[in-house]
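Try each task before you read its solution.

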Amino acid sequence: MASFKGAALTKRSVSNTTGIDMLVPKFDTSRGAGRDTLYHIIVVSVFSVFKSDKHGPDDVVQFSVPRKYSEFEKLQERLSIEFSAIVFPVLPPTRLYCTEDDLEDRMVAFDSLVRVIAKTKRLSRSRSLLKFLGASDKAIEAFMEECASKKKSKGQAAASIKEPEPPLEEEAIDIFAEDDVSEETRRENTEQELTNSSSATPDMPDVSLHASVRHPPADFMVDDYVLEAGKQRGAESEKRNEFLEKKTVDLTKELTETDSDLFDLDTDLGSLDHLTKPKKSKKPKSHAKAKARTVDESDSMLSEKQFAEIDLQQYIASNAAAAADDVDLFS
């Protein structure tokens, strides 16, 4: 087993089923003219490529790897070429001068990238990643052979499992196919079945699934049974028709009574309307008009009874005075 420098045994467990966990929790910026920034990758894995001779196959090792921005950029380019169907997180663009916020953004992007790689089986075991993390070419070749051997053994184990035999195919029966039995043979078979059924033991209980269904008596002809059933249905139909006719008559009667009540209601409403209308008040006769009548108008309206009550002498005297006035007009 090849020796990997810097890997230490840890009690931590690997959360990913691929066998490796990666994250980028911090970065350091060096002082000086270059001002290089290193991003630290923490790796927790069970891969044998990261173990030394003193580690067992089930041991979990942990180590940290510092990498620059350019190294992360090259890793993403190589993986994008090898696995073109996988979409990787977008890295921040390069800048001549990076602020503290820019460095934080780069760290977050690198952390997302290594987490995606660690969760994908093909990416986590690729040569590009193992070399990026510091494994030697010899250790990588040994690890690749180990992975191929495990894959082959799993395939043989899966093939050795005996598959269940398929169920036997039953011969298809065509219920609509015409058989080659002649009509005479079919008639003989039917008579034989009737003879066997009549000779059966009479005490045999009926255990059929349709025992609850009402069947005609044994000495009852089929035609008579059908006729009786038809008569029963006819009687039920007549009763139903009589009931419907009676119900129709009752409904018609109720509708007629309802209409007469409506007519009475219209009459009552008319009477109430007549009573509630205000009566026109008669205008009082003017007293001045009564006094304006002339003597001639009152005389012409006198009745015979009124003539008898008037003093005849006054009437004659008044008329005599009027006649004298008329004589003076013509003298």
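**Exercise 1. List the contacts of Tyr 69, leaving aside its neighbours within four places in sequence.**

Step 1. Contact means heavy atoms within 4.5 Å. With neighbours within four places in sequence left aside, Tyr 69 is in contact with Tyr 39, Leu 91, Pro 92, Pro 93, Thr 94, Arg 106 and Phe 110.

Step 2. A word on the source: this is a predicted model, in which local features need pLDDT of at least 70 and side-chain atom pairs count only at pLDDT 80 or more, while totals for chains, interfaces and linings use all residues. Residues are numbered from 1 along each chain as its sequence is written, and side-chain values use heavy atoms, with hydrogens and water left out.

Step 3. Helices (H or I, at least four residues) and strands (E, at least two) are DSSP runs, numbered from the N terminus.

Step 4. Check its cover. Tyr 69 counts as buried because its relative accessibility is 10%; buried means under 20% relative accessible area, exposed over 50%, and partly exposed in between, with a 1.4 Å probe and protein chains only.

Step 5. Look along the chain: Tyr 69 and Leu 38 are 31 residues apart, yet their C-alpha atoms are separated by 7.6 Å.

**Exercise 2. In what order do the four strands form the sheet?**

Step 1. The sheet is open, its order is 1-4-3-2, and the pairing is antiparallel. Two strands pair if DSSP finds at least two bridges between them.

Step 2. Find the edges. Strand 1 (8–9) and strand 2 (20–29) each have a single partner strand, so one side of each is left without a neighbour in the sheet.

Step 3. Walk across the sheet. Strand 1 pairs with strand 4 (residues 61–67) over two bridges, and Leu 9 stands opposite Val 61 there. Seven bridges join strand 3 to strand 4, with Ile 41 opposite Val 65. Strand 2 and strand 3 are joined by eight bridges; here Asp 28 has Leu 38 as its bridge partner.

Step 4. In strand 3, seven of the nine residues are buried.

**Exercise 3. Which residues of helix 1 are buried, and what do they pack against?**

Step 1. Helix 1 has 14 residues and reaches 20 Å from its first C-alpha to its last, close to the 20 Å expected at 1.5 Å a residue. That expected span is 1.5 Å times one less than the number of residues.

Step 2. Its buried residues are Tyr 69, Phe 72, Leu 75, Gln 76 and Leu 79. Seen down the helix axis, they fall within an arc of 120°, so they line one face of helix 1. The arc is that of the directions from the helix axis to the C-beta atoms.

Step 3. These residues pack against strand 2, strand 3, strand 4, helix 2, helix 3 (121–124) and helix 4 (127–132).

**Exercise 4. What covers the buried residues of helix 2?**

Step 1. Helix 2 has 20 residues and reaches 29 Å between its first and last C-alpha, close to the 28 Å expected at 1.5 Å a residue.

Step 2. Its buried residues include Leu 103, Arg 106, Phe 110 and Ile 117.

Step 3. The cover includes strand 2, strand 3, helix 1, helix 3 and helix 4.

**Exercise 5. Is Ile 86 buried or exposed?**

Step 1. Ile 86 lies in the loop between helix 1 and helix 2.

Step 2. Ile 86 counts as buried because its relative accessibility is 19%.

Step 3. Leaving aside neighbours within four places in sequence, Ile 86 is in contact with Thr 120, Arg 122 and Leu 123. Ile 86 and Thr 120 are 34 residues apart in sequence and 9.9 Å apart in space, C-alpha to C-alpha.

**Exercise 6. How many helices and strands does the protein chain have?**

Step 1. The protein chain has eleven helices and four strands.

Step 2. Of its 331 residues, 20% count as buried.
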